[in-house]
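Hello,

Here is the structure I promised to pass on to you. Have a look at it first, and then read on for what I found in it.

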Amino acid sequence: LREYQAELDSNSKQLLEIHEETKQHETQLRSILKSMDDIVFIFDRHNRFVSVNAPEEKLFLKQEEFIGKEVSAVMPPYITELFVQAIAELQTTGFAEFDYQLEMPDGLQWYQMKLSPIIKDETYSGSVAVAREITQRKEIEEALRESEARYHAFFEQAADSIVLIDGEKGTLVEFNEKAYTN
């Protein structure tokens, strides 16, 4: 009986240590999540929201309005379609990402969603998705495309011959139609 009691005491002590360690890890993870500017979603294997971590102002619904609902019940159809495609890719490759736009209270915003699988006992049991607001990056990319289009239009429609030569290599880089015909 004493041996059995000693074993129970030892097991209880180990369980308490494991419990304390788990609480400490959970506290660390919550601190990490709170320090992130990104939105973190956790989904179960049926693509239902299990957890949402984000400041309220970054969400178009309150956090509790996501929980337990499928993506299709919360997100617009085109985002749901992108999400479903990403989940299929995620289950075969182990990673997926996509960009999407969403109407927010302060206007249309761009986001990039990156998904990773949650694997339990070698079985897919859900996913973690991190959404980052990328509106400024998208606006810069669009401005660059427009600038390049204006440059090429000017370059090709110029009345004079234009020839670009790499000064270091002495090689021809580009020339317009007028230079070609002259």
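Before we start, one term: two residues are in contact when heavy atoms of theirs lie within 4.5 Å. Please also keep in mind that this is a predicted model.

Is F41 buried or exposed? F41 counts as buried because its relative accessibility is 6%, and the cut-off for buried is under 20%. Y180 is another matter: F41 and Y180 are 139 residues apart in sequence, and their C-alpha atoms are 56 Å apart in space.

Now for the chain as a whole. The protein chain has 6 helices and 7 strands. Read from the N terminus, the order of these elements is α-β-β-α-α-α-β-β-β-α-β-β-α. What radius of gyration does the protein chain have? The value is 27 Å, whereas a compact globule of 182 residues would come out near 16 Å. The C-alpha trace spans about 105 × 40 × 30 Å along its principal axes.

Of the 182 residues, 25% count as buried. The accessible surface of the protein chain is about 13200 Å², and carbon and sulfur atoms hold 53% of that. Among contacts with a separation of 6 or more, 30% are between residues 24 or more positions apart.

L1 sits in the segment before helix 1, which runs over 2–35. L1 counts as exposed because its relative accessible area is 87%. From L1 to R30, 29 residues along the chain, the C-alpha atoms are separated by 43 Å.

Next, please turn to helix 5, residues 135–157, where you will find K138. Helix 5 has 23 residues and reaches 33 Å from its first C-alpha to its last, close to the 33 Å expected at 1.5 Å a residue. Which residues of helix 5 are buried? They are T135, K138 and F155. These buried residues pack against strand 3 (96–104), strand 4 (107–120), strand 5 (123–133), strand 6 (163–165) and strand 7 (172–175). K138 belongs to the buried group because its relative accessibility is 18%, with the cut-off at under 20%. Not counting residues up to four places away in sequence, K138 touches D99 and W110.

Finally, there is the loop between strand 4 and strand 5, where D121 is placed. E122 is found in that loop as well. Most residues other than glycine have a negative phi. D121, however, has a positive phi, near 50°, and for E122, also not a glycine, phi is positive at about 60°. Are these two buried or exposed? D121 is exposed because its relative accessible area is 77%, and E122 is exposed because its own value is 79%.

Best wishes

Methods: Residues are numbered from 1 along each chain as its sequence is written. This is a predicted model: local features need pLDDT of at least 70, side-chain atom pairs count only at pLDDT 80 or more; totals for chains, interfaces and linings use all residues. Side-chain values use heavy atoms; hydrogens and water are left out. Helices (H or I, at least four residues) and strands (E, at least two) are DSSP runs, numbered from the N terminus. The radius of gyration is taken over C-alpha atoms; the globule rule is 2.2 Å times the number of residues to the power 0.38. Buried means under 20% relative accessible area, exposed over 50%, partly exposed in between (1.4 Å probe, protein chains only). Accessible areas come from the Shrake-Rupley method with a 1.4 Å probe; for residues, only the protein chains shown count as cover. The expected span of a helix is 1.5 Å times one less than its number of residues.
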